Amino acid sequence: MAGVVLGAVAAWMPGRSWGWAVLSLGPHRSLGALLAQKPRRVPRWLPACRQKTSLSFLNRPDLPNLAYKRLKGKNPGIIFIPGYLSNMNGTKALAIEEFCKSLGHAYIRFDYSGVGSSDGNLEECTVGKWRKDVLSIIDDLAVGPQILVGSSLGGWLMLHAAIARPGKVMALIGVATAADALVTKFNQLPIEVKKEVELKGVWTLPSKYHEEGAYHIQYSFIKEAEQHCLLHSPIPVTCPIRLLHGMKDDIVPWHTSMQVADRLVSTDVDVILRKHSDHRMKEKADIQLLVYTIDDLIDKLSTTVN
C-alpha cells in the first residue's frame, strides 16, 4: 500500500534539522516549503499550559453529558479529538489551546462519554457512541467552519466527522491516525487467541501508555468497531488533510497514515513523518510541528472563510 502512495507523491521535502519529511499528495504548495519560511506567528516556545477556561457540560437528552472547555474567537475554529481513553487535559490538547489563545481563534477540547469528567459508563462505550460525541460537539457547540485535530483513535473519528459534516469540517489534522487500528490489530491475532478473547469477552492488550500496563477491551467493543472501518474503500473526504506520524510508533504503524492518504479522495493530502517520534508525539518539536500545521491550514482557509 505504501508503494501505491509513494507513486503519487508530488514532492518529498526534508524538514532540515527537524527530523521530519513531507509526502505531498496533490497539486498544492508543499507544506515543507511553507513551514520552512513561516513560523512568524508561532510562539518561539510554548509556555506551560494553564487551564484558564472553565469546565462546562453539554447536556444531551438520552445521551451522557459531555464535559468540555471552550475558547471563543475567530474562525475557523479548532476542535481537538483525543485518543483512546485519553482526556481533554493531555499535552497536545493544552498546547493547542495556548496556541489558539495567541491567535485569537476559537477552540474546543472535550472528554468522550465514559472518560474523564464526562458522564457515562466506559464499559458501555463504543466507537459508534464516541462518533456521536464528536458530532454533538460539532453540531451543538462549534460555531462556523472547523479544523479537526484528531489524535490516534481521534484521527479515526475525525474522518467519520468529516464524512458526516462536510459543510462544517473544513480541514483535518491527524496525529498518529488510528483508522481501523484496533480491528486490524485484533484480526492479526492467532485464531486460538481470538477464540479465547471471544470466550472471555475481554481482550487484554499490553500497553506502556496505560498505568496498569495493559488495556482491557471488551470483545463487543471490537465487534462494534468493525462497523466503522474505513480502509476497505475510498474515504469520501475532500477537504485539506495533514497526517502527522512518528516512525517510532509501536502502537499504530506509520504505514497506517499512508493507507489513509491512499484511500482519501481529497487531492490535498500531506503525510508528515517524524523519524524519531513515538505514538504520542508530544515532545517539544512534535508540538511545534503540530501548531505550525494548524497555522498553515488557518492561512490556507483564510481566503475562503469569513
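**Exercise 1. What is the accessible surface of the protein, and how much of it belongs to carbon and sulfur atoms?**

Solution. Start with the total: in this predicted model, the accessible surface comes to about 13,600 Å². Next, take the share by atom type: 52% of that area belongs to carbon and sulfur atoms. Then turn to the inside, where buried residues account for 54% of the 306 residues.

**Exercise 2. Describe how helix 3 packs with helix 10.**

Solution. Two numbers describe a packed pair of helices: the angle between the axes and the distance between them. For helix 3 (residues 91-103) and helix 10 (residues 284-301), the axes come within 10 Å and cross at roughly 45°. That angle makes helix 3 oblique to helix 10. The crossing is right-handed. Now look at who touches whom: helix 3 contributes Thr91, Lys92, Ala95, Ile96, Phe99 and Leu103, while helix 10 brings Ile287, Leu290, Val291, Ile294, Asp295 and Ile298. Sorted by type, the residues of this contact are 9 nonpolar, 1 polar and 2 charged.

**Exercise 3. At what angle do helix 4 and helix 5 pack?**

Solution. Helix 4 (residues 127-140) meets helix 5 (residues 153-164) at about 60°, and their axes are 10 Å apart. Helix 4 is therefore oblique to helix 5. Their crossing is right-handed. Among the residues in contact are Trp130 and Arg131 of helix 4, and Trp156 and His160 of helix 5. By type, this contact divides into 10 nonpolar, 1 polar and 1 charged.

**Exercise 4. Is Asp62 buried or exposed, and is Ser152 buried or exposed?**

Solution. Begin with the backbone. Most residues other than glycine have a negative phi. Asp62, though not a glycine, has a positive phi of about 70°; Ser152 also has a positive value, near 55°. Now place them: Asp62 sits in the loop between strand 3 (56-60) and strand 4 (63-71), and Ser152 in the loop between strand 7 (146-151) and helix 5. Last, check accessibility. Asp62 has 83% relative accessibility, so it counts as exposed. Ser152 has a relative accessible area of 12%, so it is buried.

**Exercise 5. Which peptide bond is cis, with omega near 0°?**

Solution. Most peptide bonds are trans. Look at the bond from Asn75 to Pro76: that one is cis. To locate it, note that Pro76 lies in strand 5 (residues 74-81).

Definitions and conventions
Residues are numbered from 1 along each chain as its sequence is written. This is a predicted model: local features need pLDDT of at least 70, side-chain atom pairs count only at pLDDT 80 or more; totals for chains, interfaces and linings use all residues. Side-chain values use heavy atoms; hydrogens and water are left out. Axes are lines fitted to C-alpha atoms, for helices over the stretch in contact, and angles run from 0 to 180 degrees between N-to-C directions. Helices (H or I, at least four residues) and strands (E, at least two) are DSSP runs, numbered from the N terminus. Angles under 35 degrees count as roughly parallel, over 145 as roughly antiparallel, 65 to 115 as roughly perpendicular and the rest as oblique. A crossing is left-handed if the near helix is turned anticlockwise from the far one by less than a right angle, and right-handed if clockwise. Contact means heavy atoms within 4.5 Å. Ala, Val, Leu, Ile, Met, Phe, Trp, Tyr, Cys and Pro count as nonpolar, Asp, Glu, Lys and Arg as charged, and the others, Gly among them, as polar. Buried means under 20% relative accessible area, exposed over 50%, partly exposed in between (1.4 Å probe, protein chains only). Accessible areas come from the Shrake-Rupley method with a 1.4 Å probe; for residues, only the protein chains shown count as cover.
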